[in-house]
Amino acid sequence: MRSALRTHTCGALRRADVGSRVSLCGWVASRRDQGGVAFVDLRDRHGVTQVTFSGDRDASLLEKASALRPEWCVRVTGVVGPRPAGAVNATLPTGEVEVGAEALEVLSECPVPPFWPTDRTEAGLDLRLEYRFIDLRRPKMTRTLVERAQIVSTVRRHLEAQGFLEVETPLLTRSTPEGSRDFVVPSRLHPGSFYALPQSPQLFKQLLMVSGFDRYYQIARCLRDEDSRADRQPEFSQVDIEGSFLAEEDVYGLIEPLLRTLVQRYRGHDLPDPLPRMRYDEAMARFGSDKPDLRNPLELVDVSREAAALGFRVFSDAVAAGGVVNALRLPGGAALPRKDVDGWEAEAKAVGAKGLAWAKWGAEGLAGPLAKVLAGDPGRALLAAAGVREGDLVLFGAGPFALVKKVLGHLRKPCGERLGVVDRNRTAALWVTDFPLVEWNEDEKRWDACHHPFTSPREEDWAVLEQDPGAVRARAYDLVVDGYEAGGGSIRIHRPDRQQRMFSLLGMSPDDVQRRFGWFVDALRFGAPPHGGIALGVDRLVMLLLGEEAIQEVIAFPKTAQARCLLTRAPAPLDEKQLRDASIAVVAPPPKQG
RNA sequence: GGGGGCGUAGCUCAGUUGGUUAGAGCGCCGGCCUGUCAAGCCGGAGGUCACGGGUUCGAGUCCCGCCGCUCCCGCCA
């Protein structure tokens with residue numbers, strides 16, 4: 001770390017360095033002026049070192065130091081000394097020493113920033129993003145980016161040790177209208193034509209397999225013009241991996257040791273070996289989600305049969321209409337205040353439920369809106385089926401399968417957290433497998449690919465692809481960590497005839513296929529090997545490993561929920577000349593200037 | 001596109017049923033101080049109550065609109 005201006009970083013000096021003459025460069029983290037002596041904490045990304053200015057030793061230097069203000073960038077030269085007994089700061093790695101300044105050089109002044117870059121900052125996210133370059137000075141943010149780099153480095157070394165070759169793929173590519181909305185880029189040389197930024201390198205990595213690069217990877221930027229979430233940004237990174245001549249077990253066997261290493265290092269515990277696997281159907285039935293958080297023990301129980309026999313219209317009508325009734329049991333939940341249940345009902349309604357039926361079994365017996373309905377023998381049978389015991393609270397969802405699963409699956413999180421049964425110190429990872437290949441799109445009256453149209457069905461399902469598409473299982477798998485989709489992949493279709501069949505199933509005529517994907521299907525004709533792979537979400541993985549709750553916290557320059565960059569004020573209008581060059585006419589009203 | 005939360009000093013927030021001159025902590029500026037490390041003590045400055053309308057004798061407070069941040073639904077092959 002030595003350079004022309006410094007001999008050490010601000011995190012380097014120890015007792016063994018006492019007596020050395022050193023030069024440090026950094027930012028003034030704080031200045032404590034005692035009158036005859038002043039202390040300056042000098043910070044860089046490696047740490048903090050205390051510098052002392054003594055009036056006895058050099059009165060004019062002390063005067064100069066007194067003019068320093070926080071966040072000025074300075075260079076200090078001096079001699080490392082031991083701190084006097086009683087003045088040692090045990091909370092700093094450099095706390096046993098201090099630098100007695102002999103020279104001070106102001107490299108850059110700094111106005112009073114809108115917030116101080118300490119870990120105790122209370123600045124709101126919008127301010128932190130507008131002044132992200134200040135925010136990133138905070139030790140916590142520095143540590144996050146350092147650890148992110150370490151994690152990515154670990155991934156690279158693991159994959160390279162396994163023979164994977166990093167290959168870059170284009171950012172300017174062709175729009176593939178299936179899937180998420182593309183970000184588009186106008187072409188100056190070809191007026192009226194557009195590139196698209198890649199949603200993922202999917203087709204290029206498959207072409208690399210055709211080319212014989214049997215083990216490929218890339219830390220790839222992906223861009224999707226869809227609305228953000230706490231775990232989703234329009235621009236994000238994937239560890240994109242593809243291999244030839246492999247099957248599901250090879251992918252699991254590649255990823256699991258890597259994840260085990262990372263969880264051991266950053267979460268401090270072992271993952272089971274092998275990782276648990278769960279079929280999609282089971283995940284939906286038990287947890288109401290295809291990415292269940294297994295740290296949360298609460299489960300959904302189907303009580304349709306018992307509920308239909310209850311003589312309660314809401315339940316029996318739901319079952320009669322082909323729907324289901326599910327129970328979510330909260331052990332010990334009878335003691336919870338009504339306010340919690342009301343909150344969950346509001347949340348249930350927010351995700352589409354008409355209401356939330358519930359009952360609690362306290363010391364006085366049953367209570368709640370369903371108490372009367374559950375009083376008799378059929379009610380007892382239902383409670384028994386749901387495993388409800390004295391002291392429990394039970395929530396019910398009734399209606400179409402997908403809605404009931406969504407609503408109760410959504411409530412698992414707040415309920416589990418309220419009960420304190422979610423172990424946040426553990427990491428729960430699993431593979432979710434056997435996804436459906438396609439799902440019926442009622443609006444468009446056609447089948448849509450669940451994963452993407454290049455995913456292979458199970459070999460035996462090719463026979464019934466056209467007859468019963470909804471029953472076909474895909475050779476797709478998701479890596480689920482703590483309730484997040486940390487990665488996903490599949491074994492691909494490598495035969496052009498079969499790829500054609502898949503496209504036909506999705507409602508594309510041979511002409512459509514030829515126009516949109518002809519270049520790709522054509523490539524498969526040229527000796528494509530069986531292949532498959534996976535993509536891991538870098539931002540989500542780092543977020544989970546570092547215990548963060550939003551990927552904004554692990555991205556150096558993230559965007560807001562409205563996809564804006566508060567630092568650069570992107571997106572922004574173009575000037576007339578740029579629009580002319582790109583042959584673009586703006587038809588929407590011009591946006592307000594930020 | 002829809003629903004929820006938030007927006008008051010540089011920052012984080014309080015502000016009663018609508019009522020006089022809108023407060024606190026931190027920060028900032030000045031002074032004092034020779035072992036501080038969230039330094040301390042004394043003094044001072046600092047407000048478009050996001051923005052635009054409306055109701056009212058009177059609006060930070062009530063109503064409508066709008067902008068921004070955020071969480072969720074839709075969306076995310």
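Visitor: Is R418 buried, partly exposed or exposed?

Guide: R418 is partly exposed, with a relative accessible area of 39%. Buried means under 20% relative accessible area, exposed over 50%, and partly exposed in between, with a 1.4 Å probe and protein chains only. This is a predicted model, in which local features need pLDDT of at least 70 and side-chain atom pairs count only at pLDDT 80 or more, while totals for chains, interfaces and linings use all residues. Residues are numbered from 1 along each chain as its sequence is written, chains are lettered from A and ligands numbered from 1 in the order in which they are written, and side-chain values use heavy atoms, with hydrogens and water left out.

Visitor: With which residue does R418 form a salt bridge?

Guide: Side chains of opposite charge can pair when their charged atoms come close. The criterion for a salt bridge is a side-chain nitrogen of Lys or Arg within 4 Å of a carboxyl oxygen of Asp or Glu. The partner of R418 is D340, and the closest N and O atoms are 2.9 Å apart. D340 lies in helix 10 (residues 338-350) and R418 in helix 12 (residues 401-419), so the pair ties together parts that are 78 residues apart in sequence. D340 itself is buried, at a relative accessible area of 16%. Helices (H or I, at least four residues) and strands (E, at least two) are DSSP runs, numbered from the N terminus.

Visitor: How many salt bridges does the structure hold, and which residue pairs with K349?

Guide: The structure holds 53 salt bridges. K349 pairs with E345, with 3.9 Å between the closest N and O atoms. Both K349 and E345 belong to helix 10 and stand 4 residues apart, about one turn of the helix. K349 is partly exposed, at 45% relative accessibility.

Visitor: How do strand 18 and strand 19 pair, parallel or antiparallel?

Guide: Two strands pair if DSSP finds at least two bridges between them. Strand 18 (residues 438-441) and strand 19 (residues 446-449) are antiparallel, over 4 bridges. W440 has W447 of strand 19 as its bridge partner. The hairpin has 4 residues between the strands, and K445 takes a positive phi near 55 degrees there. K445 also forms a salt bridge with E442, whose closest N and O atoms are 2.3 Å apart. E442 is partly exposed at 46%, whereas K445 is exposed at 51% relative accessibility. Elsewhere, salt bridges that share partners join R128, R132, D135, R138 and E553 into one network.

Visitor: Why is strand 13 described as largely enclosed by the rest of the structure?

Guide: In a regular strand the side chains alternate between the two faces of the sheet. Of the 7 residues of strand 13 (residues 324-330), 6 are buried, so this strand is largely enclosed by the rest of the structure. Strand 12 (residues 300-302) pairs with strand 13 in the antiparallel sense over 3 bridges. Strand 16 (residues 393-399) also runs antiparallel to strand 13, joined by 7 bridges. L328 is the bridge partner of L300 and stands opposite L395 in strand 16.

Visitor: Which residues touch the most other members of the largest nonpolar core?

Guide: A nonpolar core is a set of buried Ala, Val, Leu, Ile, Met, Phe, Trp, Tyr and Cys residues joined through side-chain atoms within 4.5 Å. I241, I255, L259 and L479 touch the most other members of this core of 39 residues. Among the elements that give two or more residues to this core are helix 4 (139-161), strand 10 (235-244) and helix 6 (248-267). Helix 6 gives the most, with 9 residues. Contact means heavy atoms within 4.5 Å. Beyond its neighbours within four places in sequence, L259 is in contact with L271, L275, A429, L479, V481 and L541. Another core, of 23 residues, lies apart from this one and includes L13, A38, V99 and A101.

Visitor: Is R260 buried or exposed?

Guide: R260, in helix 6, counts as buried at 16% relative accessibility. Leaving out residues up to four places away in sequence, R260 touches L271, P272, D273, P274 and L275.
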